[in-house]
Amino acid sequence: MAAVVGSQDLRKPVVLALQTPAVAACYYASGQLGLLRELVVEGAVVTPIWPPTGVSVACLLLFGLRCWPGIALGAFFVILSLTSPSPSALGILAGNTAAPVAGYLLLRRAGFRTDLARLRDGLALVFLGAFTAMLISSTTGAVLLVLTGRLEGAGFWPVWLAWWVGDAMGVLIVTPVLLLLARVRPPFRLTRWREATGLAVIVCCVVPLATHSHLSLLYLVYPLVIWAALRFQLAGGMVCALFASVMATVSATDRTGPFERLTRVEVLMKLQAFNGAMALTALILSAVITEQINTRRSVERACQELVEVLEHLTAGEAADGRAPPREDGPGQRRDD
């Protein structure tokens, strides 16, 4: 026992030492992906979707609070790639680290489960992990930009809103996909593979058309997201939502399709409304369907156990030579 405990004690620092740079690398890589598509609001550069927030919340949910140094390290390198170290940069670093940590603590307190198999888990991720926790990073960042003179006071609310929505979208779109991937184990069993293939082909054809067409056909994406969520739950709904969100972001930052003749603020508002509505639809609908499926399976399992108990009792009575009384005729009974 002592040898086992000692081995575990030695293993923990090694795992932590490897985990911190791994989380930091994932944060930095996702940050660089997010920076590929930027929008300028009131002179400040914002991203419609900030994937590092989703990566951070997912890592905290999977590995626990001990991975926060990796989040802070990754955020530091992202900020360092954009600007030189300064007190305001350190403040933004603190906000970007505190926001996912706060989201993780709120989700833990709410009894969040990473399989997202209940409606309450989907609602908790939306309102606690995304909307509430990301107020910390957006408020900290916008306030520091105003205090350092990089942002005019009149531009505080547009920048704050863009920052908050971008961070929240990262949690709503990226975190469920990462939690889903973490639960995948070989061998891979795909039911309804023909339907899945057909849905994937249709999504790959319709979504680029809807997000780049000048006819403003974004509404065509919603039936596909609903179809994917109904038939394949979280795996289908969130993957479809992620692909549509990426395509819409590319179209918005290129100012093409339905975003062509809009101002920068209008582009951001339309894009964020589309991404938010789509992510909420996929996440909440997937959670509802999964919860209903699990409830039905529990009822079926309980009925099967009841049948087995009755069969066992019947077999026991037969073995003891007892049987229920039988009617011989009207008004007559006899026992076997």
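Residues are numbered from 1 along each chain as its sequence is written, and side-chain values use heavy atoms, with hydrogens and water left out. Because the model is predicted, local features need pLDDT of at least 70 and side-chain atom pairs count only at pLDDT 80 or more, whereas totals for chains, interfaces and linings use all residues.

The chain contains ten helices and four strands. These elements are DSSP runs numbered from the N terminus, with helices (H or I) of at least four residues and strands (E) of at least two. Read from the N terminus, their order is α-β-β-α-α-α-α-α-α-α-α-α-β-β. Of the 336 residues in the chain, 43% are buried. Here, buried means under 20% relative accessible area, exposed means over 50%, and partly exposed lies in between, using a 1.4 Å probe and protein chains only. Among contacts in the chain with a separation of 6 or more, 72% are between residues 24 or more positions apart; a contact means heavy atoms within 4.5 Å.

Helix packing comes next. Two packed helices are described by the angle between their axes and the distance between the axes. The axes are lines fitted to C-alpha atoms, for helices over the stretch in contact, and angles run from 0 to 180 degrees between N-to-C directions. Angles under 35 degrees count as roughly parallel, over 145 as roughly antiparallel, 65 to 115 as roughly perpendicular, and the rest as oblique.

Helix H5 (residues 119–132) packs against helix H6 (residues 134–147) at an angle of about 20 degrees, and their axes are 5 Å apart. H5 is therefore roughly parallel to H6. On the H5 side the contact involves Gly 129, Ala 130, Phe 131 and Thr 132, and on the H6 side Met 134, Leu 135 and Ile 136. By class, this contact of H5 with H6 comprises five nonpolar, two polar and no charged residues. In this classification, Ala, Val, Leu, Ile, Met, Phe, Trp, Tyr, Cys and Pro are nonpolar, Asp, Glu, Lys and Arg are charged, and the others, Gly among them, are polar.

H6 also meets helix H4 (residues 87–109): the axes of H4 and H6 come within 7 Å and cross at roughly 170 degrees. The two helices are therefore roughly antiparallel to each other. The H4 residues in this contact include Ser 88, Gly 91, Asn 96 and Pro 100, and those of H6 include Met 134, Ser 137, Thr 140 and Leu 144. The contact of H4 with H6 has eight nonpolar, seven polar and no charged residues.

Asn 96 lies in helix H4 and is buried, with a relative accessible area of 13%. Not counting residues up to four places away in sequence, Asn 96 touches Tyr 27, Ile 71, Ala 75, Ile 79, Ser 137 and Trp 163. In the loop between H4 and H5 lies Leu 116, a residue other than glycine whose phi is positive, near 50 degrees. Leu 116 is buried, at 3% relative accessibility.

Helix H9 spans residues 221–253 and includes Thr 253; Val 221 is also found in H9. Val 221 is buried at a relative accessible area of 0%. Leaving aside residues up to four places away in sequence, Val 221 touches Val 207, Ala 210, Ala 244, Phe 274 and Met 278. Thr 253 is likewise buried, at 17% relative accessibility. A polar atom of the Thr 253 side chain lies 2.9 Å from the backbone oxygen of Thr 249, and the side chain of Thr 253 also reaches the backbone oxygen of Val 250 at 3.1 Å. Beyond residues up to four places away in sequence, Thr 253 touches Arg 37, Glu 38 and Leu 39.

Arg 255 lies in the loop between H9 and helix H10 (264–319). Arg 255 has a positive phi of about 55 degrees although it is not a glycine, and is partly exposed at 30% relative accessibility.

The cysteines complete the account. A search of the whole structure finds zero disulfides, a disulfide being a pair of cysteine sulfur atoms within 2.5 Å. Cys 59 is in no disulfide, and the nearest cysteine sulfur, that of Cys 67, is 5.5 Å away. Cys 59 is buried, at 9% relative accessibility. The sulfur of Cys 204 is too far for a bond because the closest cysteine sulfur, in Cys 205, is 6.8 Å away. Cys 204 is partly exposed, with a relative accessible area of 48%.

Methods. A polar contact is a pair of N or O atoms within 3.5 Å; within protein, one must be able to donate a hydrogen and the other to accept it, and residues adjacent in sequence count only if both atoms are side-chain atoms.
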